[in-house]
Amino acid sequence: MNIVRRVDLRPTDPSDRMSFARRLQAAFALAVTDHGPSSDVPTPSDREVFASFDDAASEVLDIVAEGEIVGGAVVAGDDDRRALELFFIDAGAHGRGLGRTAWHAIEARYPDTRIWETHTPHFEVRNIHFYVNVCGFHIVEFFHPGHPLEHPGEAPAGESPAIEGDEDVPELMFRFEKVMPRAVTRPAPPGRPSA
């Protein structure tokens with residue numbers, strides 16, 4: 001399998017958002033089927049996906065490699081702090097380095113971001129590995145029944161909540177942060193003007 005070294009990010013055409021949502025749900029279904037509770041409700045739900053699309057502070061992006069859409073992302077926030085609300089690589093495109101390459105493209109698209117944040121369910125071992133070992137995030141919080149999410153019954157957009165209609169399923173989620181390195185401004189040596 002060839003490793004992809006470059007991807008492009010482009011705003012998702014509003015007319016393609018339903019396709020984006022279905023591809024996202026198909027990518028998430030792999031983990032939910034393997035580890036999560038079963039349900040006929042897609043994860044994330046249509047309500048969660050479209051809420052992130054409708055957020056004025058969000059940018060919905062297609063991940064494109066070699067002219068083909070291979071995934072997507074939804075990024076929200078401002079220069080100081082951004083959230084990777086949704087992020088996926090299509091199931092058929094795994095194993096080509098696309099996730100790593102796409103993450104680097106996202107960082108480059110928002111160079112002034114000071115802190116990145118994202119969430120993932122406790123059972124999504126691939127995501128945990130990816131965010132910590134590949135992208136450089138750190139786990140900073142674990143949500144569980146004794147330390148619930150701010151809004152019980154709602155996971156951050158794009159992540160697996162308690163299954164709709166099954167309030168007995170606990171929300172077990174990790175929150176990750178990545179603090180971006182900043183260039184250190186050094187004072188000019190005495191007698192020289194500062195740059």
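**Glutamate 107 and its surroundings**

Modeller: The side chain of glutamate 107 makes a polar contact with the side chain of tryptophan 103, at 2.9 Å (N or O atoms within 3.5 Å, within protein one able to donate a hydrogen and the other to accept it, with residues adjacent in sequence counted only through side-chain atoms on both sides). A second polar contact, at 2.5 Å, joins the side chain of glutamate 107 to that of lysine 178. The model is predicted: local features need pLDDT of at least 70 and side-chain atom pairs pLDDT 80 or more, whereas totals for chains, interfaces and linings use all residues. Residues are numbered from 1 along each chain as its sequence is written, and side-chain values use heavy atoms, without hydrogens or water.

Glutamate 107 lies in helix 3 (helices, H or I of at least four residues, and strands, E of at least two, are DSSP runs numbered from the N terminus). With a relative accessible area of 14%, glutamate 107 is buried (under 20%; exposed is over 50% and partly exposed in between, with a 1.4 Å probe and protein chains only). Neighbours within four places in sequence aside, glutamate 107 is in contact with Trp116, Lys178 and Met180 (heavy atoms within 4.5 Å).

Isoleucine 106 and Phe87 are the residues with the most contacts inside the largest nonpolar core, which has 29 residues (buried Ala, Val, Leu, Ile, Met, Phe, Trp, Tyr and Cys joined through side-chain atoms within 4.5 Å). Two or more residues of this core come from each of strand 2 (58-65), strand 3 (68-77), strand 4 (81-89), helix 3 (98-109), helix 4 (125-134) and strand 7 (173-179). Helix 3 gives the largest share, five residues. Another core, of 11 residues, lies apart from this one and includes Ala27, Phe53, Val60 and Val74.

Charged pairs also occur among these elements. The structure holds 15 salt bridges (a side-chain nitrogen of Lys or Arg within 4 Å of a carboxyl oxygen of Asp or Glu). In one of them, aspartate 80 pairs with arginine 114, the closest N and O atoms being 2.7 Å apart. Aspartate 80 lies in the loop between strand 3 and strand 4, and arginine 114 in the loop between helix 3 and strand 5 (115-121), so the pair ties together parts 34 residues apart in sequence. Both ends count as partly exposed: aspartate 80 at 40% relative accessibility and arginine 114 at 35%.

Arginine 81 forms a salt bridge with glutamate 117, at 3.2 Å between the closest N and O atoms. Because arginine 81 lies in strand 4 and glutamate 117 in strand 5, this pair ties together parts 36 residues apart in sequence. Arginine 81 is partly exposed at 32% relative accessibility, whereas glutamate 117 is buried at 17%.

Glutamate 177 forms a salt bridge with arginine 175, with the closest N and O atoms 2.8 Å apart, and both residues are buried. A network of salt bridges links Arg81, Glu117, Glu141, Arg175 and Glu177.

As for the whole protein, four helices and seven strands are present, in the order β-α-α-β-β-β-α-β-α-β-β. Of its 195 residues, 47% count as buried. Among contacts with a separation of 6 or more, 69% join residues 24 or more positions apart.
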